[in-house]
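Okay, thanks for coming, everyone. Let me put the model up and then we'll walk through how the pieces pack.

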Amino acid sequence: MVSLPENLSLAQTPTPLHSLDRLTAQLNGPRIWIKRDDLTGCLTSGNKVRKLEFLLADAIANGCDTLITSGGVQSNHCRAVAVLGAQLGLNVHLLLRSDIEPAPVGNLLLDQLVGATISHYSKQEFNQLDAIFSHWQEHYREQGAKPYCIPTGGSNGMGVWGYIAAAEELKADFARENISPSRLVLATGSGGTQAGLIVGCALHNIPISIEAFAVCDNAAYFERKVRDDLRQWQQQFAPHIDVEEFPINTNDQYVGPDYGAAGPEVFATLKELAALEGVILDPVYTGKAFHGMLQQIRQGHYRDDTDIVFVHTGGLFGLLAQQDQLNY
Ligand SMILES: *Cc1c(COP(=O)(O)O)cnc(C)c1O
């Protein structure tokens, strides 16, 4: 077994695991469970805070005082870093990507409220993201500060720990409910949650297939990205573990128009689930993955499964930034 590195207690965990009985009754398929990682905190809600428990512990252990990170303009990750930075007394500089003048709503509004420094870049400028990070790192060093860079989504060898730890929590959930789910379904964007669950379920001997639905890019991209994160983790923490053979299952059929943009079918699924179960998904991540999962069930792909678990990774503030798409 590999021992967990130092970490901060930042997430409200364990999060609930419960079944969606009315939805299950409507479908001719497995019982659907939901792991409520949308409840890891109010301002820190979602999956990113689990990774940040390890990343921010590392930042503090290294004496850093300024967090630099990047993402889309409505990044849930950047919002979590901004909020946690304010809570921990660390400066935060966000590098945000958008091609239009962004409205101060949703996650961006919260970033501003908690006092993060924000630099906006176009998608084209973001192609040079490494150089942008280096520029700001240098800038803070010249000022005598100690910057700590966190990659987009907090997905790197250290961030992988967040969902390794969550896998142990899931194991306890399954034992308590007396279930052995065959599939764990989630949305994947920067790959760190997927990577963590893959290695976490393996380390904790949970026999389950990890099925990630891409919200951007394609399956080949995630094969590379997730494998890279796993290799980084292995090199830093677990040289005796072979990460080359772990299966990486990514379904890229439900990405939709673009990252951050969902088709009407995703909004329809989101509205139906909200009214049926009182669970609210988001259009950027969880709505696409949940819609994809329902399509797989309707097409009979999960016919032999008895229980499957959807990981609700959060995203509510991103939904609020797309209120015009809801047509109320
Ligand atoms: C970031 C995010 C994801 C994807 O997680 P990754 O580890 O980046 O792949 C899924 N859902 C929500 C709501 C997110 O904010």
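Let's start with strand β8, residues 209-214: it runs parallel to β9, and 3 bridges join the two. When I say helix or strand, I mean DSSP runs, H or I with at least four residues for helices and E with at least two for strands, numbered from the N terminus. Two strands pair if DSSP finds at least two bridges between them. And one of the bridge partners here: Phe213 goes with Asn251 in β9.

Quick caveats. This is a predicted model, so local features need pLDDT of at least 70 and side-chain atom pairs count only at pLDDT 80 or more, while totals for chains, interfaces and linings use all residues. Residues are numbered from 1 along each chain as its sequence is written, and side-chain values use heavy atoms, with hydrogens and water left out.

Back to the sheet. β8 and β9 belong to an open sheet of 6 strands, ordered β1-β2-β10-β7-β8-β9, and the pairing is mixed. At the edges you find β1 (17-19) and β9 (249-251), each pairing on one side only. From one strand to the next, the twist averages 30°. For angles, axes are lines fitted to C-alpha atoms, for helices over the stretch in contact, and the angles run from 0 to 180 degrees between N-to-C directions.

Now, what lies across this sheet? Helix α7 lies across β7 (183-188), β8, β9 and β10 (307-312), and runs at about 155° to β7. Contact, by the way, means heavy atoms within 4.5 Å.

α7 (residues 192-203) also has a helix partner, α6 (residues 161-177): their axes come within 7 Å and cross at roughly 50°. That makes α6 and α7 oblique to each other; under 35 degrees counts as roughly parallel, over 145 as roughly antiparallel, 65 to 115 as roughly perpendicular, and the rest as oblique. On the α6 side we have Tyr163, Ile164, Ala167 and Leu170, and they meet α7 residues including Leu197, Val199 and Leu203. The residues of that contact split into 8 nonpolar, 3 polar and no charged. Here Ala, Val, Leu, Ile, Met, Phe, Trp, Tyr, Cys and Pro count as nonpolar, Asp, Glu, Lys and Arg as charged, and the others, Gly among them, as polar.

Next pair: α9 (residues 264-277) and α10 (residues 286-298) have axes 9 Å apart and pack at about 85°, so these two are roughly perpendicular to each other. α9 brings Glu265, Val266, Thr269 and Leu273, and α10 brings Gly287, Lys288, Phe290, His291 and Leu294. This contact divides into 4 nonpolar, 3 polar and 2 charged residues.

On to the other sheet. It's open, with 4 strands in the order β5-β4-β3-β6 and parallel pairing. β5 (117-121) and β6 (147-150) are at the edges with a single partner strand each, so one side of each has no neighbour in the sheet. β3 (residues 66-72) and β4 (residues 91-97) pair over 7 bridges, and Ser70 stands opposite Leu95 in β4. Helix α2 (residues 48-61) lies across β3 and β6, at about 155° to β6.

Last, how is the protein divided? Into domain 1 (17-43 + 157-326) and domain 2 (48-154), with bounds that come from an automatic or database domain assignment. Their centres, taken over C-alpha atoms, are separated by 24 Å, and 22 residues of domain 1 are in contact with 19 of domain 2.
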